[in-house]
Amino acid sequence: MSSKRLAAVLKTLRGDMKQEELAQRAKVSRGYLATLEAGHKKNPSLGMLKKLAKALGVPVTELLE
């Protein structure tokens, strides 16, 4: 999956939720999340994807589609 694709999926799934809220739910920094959503971070770890998926209430596979 490309970093641009992951960025688009995260933004779509986050919807109206603010980055700060998602970052708190996922227990990651808002800066890291912003980097992912901007498409600047490549290959986040499986652990990071799991945290984000759990915070968004979706299976990890949905982040990878």
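Helices here are DSSP runs of H or I with at least four residues, numbered from the N terminus, and Gln 19 sits in one of them, helix H2. Everything in these close-ups comes from a predicted model.

**Figure 1. Helix H1 packs against helix H4.** A pair of packed helices is described by the angle between the two axes and the distance between them. Here the partners are H1, residues 3-14, and H4, residues 46-56; their axes come within 10 Å and cross at roughly 25°. Angles under 35 degrees count as roughly parallel, so that is the label for H1 and H4. The crossing itself is left-handed.

**Figure 2. A look at the side chains where H1 meets H4.** From H1 come Leu 6, Leu 10, Leu 13 and Arg 14, and they meet Leu 49, Leu 52 and Leu 56 of H4. Sorted by class, that makes six nonpolar residues and one charged residue, with no polar ones.

**Figure 3. The largest nonpolar core, 18 residues in all.** Leu 6, Leu 10, Leu 22, Leu 33, Leu 52, Leu 56 and Leu 63 are the residues with the most contacts inside this core. H1, H2 (19-26), H3 (30-37) and H4 each put in at least two residues. H4 gives the largest share, six residues.

**Figure 4. Leu 56 and the residues around it.** Leu 56 is one of the H4 residues that meet H1, and it is also among the core residues with the most contacts. Set aside neighbours within four places in sequence, and Leu 56 is in contact with Leu 10, Leu 13, Arg 14, Leu 22 and Leu 63.

**Figure 5. Val 9, a buried residue of helix H1.** The relative accessible area of Val 9 is 7%, and buried means under 20%, so Val 9 counts as buried. Leaving out neighbours within four places in sequence, Val 9 is in contact with Glu 62, Leu 63 and Glu 65.

**Figure 6. Gln 19 in helix H2.** Is Gln 19 buried or exposed? Its relative accessible area is 19%, and the cut-off for buried is under 20%, so Gln 19 is buried. Not counting residues up to four places away in sequence, Gln 19 touches Arg 14, Arg 30, Leu 33, Ala 34 and Glu 37.

Methods. Residues are numbered from 1 along each chain as its sequence is written. This is a predicted model: local features need pLDDT of at least 70, side-chain atom pairs count only at pLDDT 80 or more; totals for chains, interfaces and linings use all residues. Side-chain values use heavy atoms; hydrogens and water are left out. Axes are lines fitted to C-alpha atoms, for helices over the stretch in contact, and angles run from 0 to 180 degrees between N-to-C directions. Angles under 35 degrees count as roughly parallel, over 145 as roughly antiparallel, 65 to 115 as roughly perpendicular and the rest as oblique. A crossing is left-handed if the near helix is turned anticlockwise from the far one by less than a right angle, and right-handed if clockwise. Contact means heavy atoms within 4.5 Å. Ala, Val, Leu, Ile, Met, Phe, Trp, Tyr, Cys and Pro count as nonpolar, Asp, Glu, Lys and Arg as charged, and the others, Gly among them, as polar. A nonpolar core is a set of buried Ala, Val, Leu, Ile, Met, Phe, Trp, Tyr and Cys residues joined through side-chain atoms within 4.5 Å. Buried means under 20% relative accessible area, exposed over 50%, partly exposed in between (1.4 Å probe, protein chains only).
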